[in-house]
Amino acid sequence: AKHFQLKDDTLHAENVSLEQLAHDFGTPLYVYSRQALHDAWYSYHVAAQGRDVLVCYGMKANSNLAILNEFSRLGTGFDIVSGGELARVIAAKGDPAKVVFSGVGKQRWEIEAALDAGIKCFNVESEAELERINQIAGEKGVKAPISLRVNPDVDAKTHPYISTGLKDNKFGVDINEAPAIYARAQAMPHLEIVGVDCHIGSQITEISPYLDALDKLIALIKQLQSQGITLSHLDIGGGLGIRYTDETPATPTELLSAVFKALDAADLGHLQLVLEPGRSMVGNAGVLLTRVEYVKTNQDKHFAIVDAAMNDLIRPTLYDAWHDVEPVRPRTGSAPAPAYDIVGPICESGDWLAKDRALHLAQGDLLAIMSAGAYAFTMSSQYNTRPRAAEVIVDDQSVHLVRPRESLESLFDSERLID
Ligand code: LLP
């Protein structure tokens with residue numbers, strides 16, 4: 001990873017040594033590179049080729065306010081999935097007019113808040129939700145902008161837990177039923193149909209699943225035109241993968257060039273293209289810095305017990321996900337490096353971060369768990385009453401603490417004893 005490199009035998013984030021950061025802020029620590037965030041955004045900016053493309057950052061990947069604010073200043077909108085995320089966008093000075101609201105379970109208060117904020121679009125996932133939004137918009141005397149999230153029934157060829165475009169899952173409405181549902185939406189007085197939406201999965205490395213979905217969306221848009229329904233945007237969701245180990249994911253330019261080509265061929269080049277990338281905006285912009293507390297050997301198995309755990313990074317145990325592990329100050333050993341399981345202190349066998357990694361290690365060493373910018377801090381918890389890690393953003397030689405480590409008291413100071 002270009003923004004995390006060895007300099008003077010020590011792993012750096014941009015021009016700050018991770019040793020220095022561990023010393024100043026303690027571990028476990030999330031470290032993000034501001035330049036990496038910029039570069040990820042820029043890869044989408046370039047891919048847009050000057051056309052009308054709105055990147056609505058899928059903020060569930062990493063919703064730290066500083067990151068949201070950074071992207072917002074670069075011009076992005078946001079894909080939100082809760083009233084909580086909307087509140088974060090507003091707190092980070094994001095523009096609600098560039099917010100799309102996805103999710104199968106939007107509650108009344110969330111719909112109200114989104115209407116009050118004036119979001120760009122609700123990505124509606126069921127008929128019942130259409131009715132609820134119509135009702136609430138009517139009470140407020142406004143028209144709610146909506147897209148239907150359709151399920152194109154394509155295989156995103158990714159992990160089943162993060163594949164969302166097949167017809168037997170909970171997301172969206174069956175694309176074959178969409179024309180009838182759009183017709184019903186058109187008849188609802190407090191809705192304004194503005195687009196169509198789909199999201200087929202995550203950590204997708206090829207463009208073919210997108211193009212399969214796009215073909216079906218184009219056919220749907222044509223069908224809607226014949227029903228007198230015209231759209232102003234097409235949202236193809238997020239999902240582009242990143243390199244965790246040796247993947248070679250398609251680039252935004254490869255994806256968008258193919259999308260523009262298909263849209264132009266279908267005479268739909270005028271549609272605004274909305275994207276909801278999450279992982280590819282932040283995944284490789286962050287590492288989780290952790291220290292080896294103990295090294296031990298049980299039978300023939302070597303364990304490095306570190307101060308980060310599954311509460312900090314749950315992806316390995318939840319998805320069997322691979323994150324590279326890099327020593328901050330690599331040791332050179334003459335004997336072959338033993339294979340370590342990198343585990344945390346939590347009382348569960350599932351508390352591991354990496355398995356069978358050939359490393360020369362000793363107690364006190366620092367390790368960087370790579371590609372930890374996405375779905376890492378945001379999925380963290382306080383299990384075992386462990387304060388959540390601090391987060392810093394490095395910008396060249398400067399360091400910004402964007403979330404201090406939680407204090408112990410804050411973990412339970414709102415709890416109450418009963419008599
Ligand atoms: N839009 C919608 C409607 C989504 O559900 C998601 C992610 C995104 C956009 C952003 O997708 P991305 O570009 O990040 O692939 N926790 C899992 C990933 C879950 C993704 C959920 N939806 C993981 O750690 O791999």
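This briefing describes some strands and helices of the structure above, together with the confidence of the prediction. The structure is a predicted model, in which local features need pLDDT of at least 70 and side-chain atom pairs count only at pLDDT 80 or more, while totals for chains, interfaces and linings use all residues. Residues are numbered from 1 along each chain as its sequence is written. Helices (H or I, at least four residues) and strands (E, at least two) are DSSP runs, numbered from the N terminus.

**Confidence**

- The protein averages a pLDDT of 96, and 97% of the residues score at least 70, where pLDDT is the predictor's confidence in each residue, from 0 to 100.
- Confidence in the protein is lowest in strand β10 (residues 173-174), with a mean of 94, and highest in strand β4 (residues 29-33), at 99.
- For the complex, the predictor gives an ipTM of 0.99 and a pTM of 0.97.

- Strand β14 (residues 286-298) pairs with β19 in the antiparallel sense over 4 bridges, and two strands pair if DSSP finds at least two bridges between them.
- Ala-368 in β19 is the bridge partner of Leu-289, and Ala-368 also has Glu-326 standing opposite.
- Strand β16 (residues 325-327) runs antiparallel to β19 and is joined to β19 by 3 bridges.

**The sheet β1-β2-β3**

- An open sheet is formed by 3 strands in the order β1-β2-β3, with antiparallel pairing.
- Because β1 (4-7) and β3 (16-17) stand at the edges with a single partner strand each, one side of each is left without a neighbour in the sheet.
- Strand β2 (residues 10-13) pairs with β3 over 2 bridges in the antiparallel sense, and Ala-13 stands opposite Val-16 in β3.

**Helices α4 and α5**

- The axes of helix α4 (residues 83-91) and helix α5 (residues 108-117) come within 9 Å and cross at roughly 25 degrees, which makes α4 roughly parallel to α5.
- Axes are lines fitted to C-alpha atoms, for helices over the stretch in contact, and angles run from 0 to 180 degrees between N-to-C directions; angles under 35 degrees count as roughly parallel, over 145 as roughly antiparallel, 65 to 115 as roughly perpendicular and the rest as oblique.
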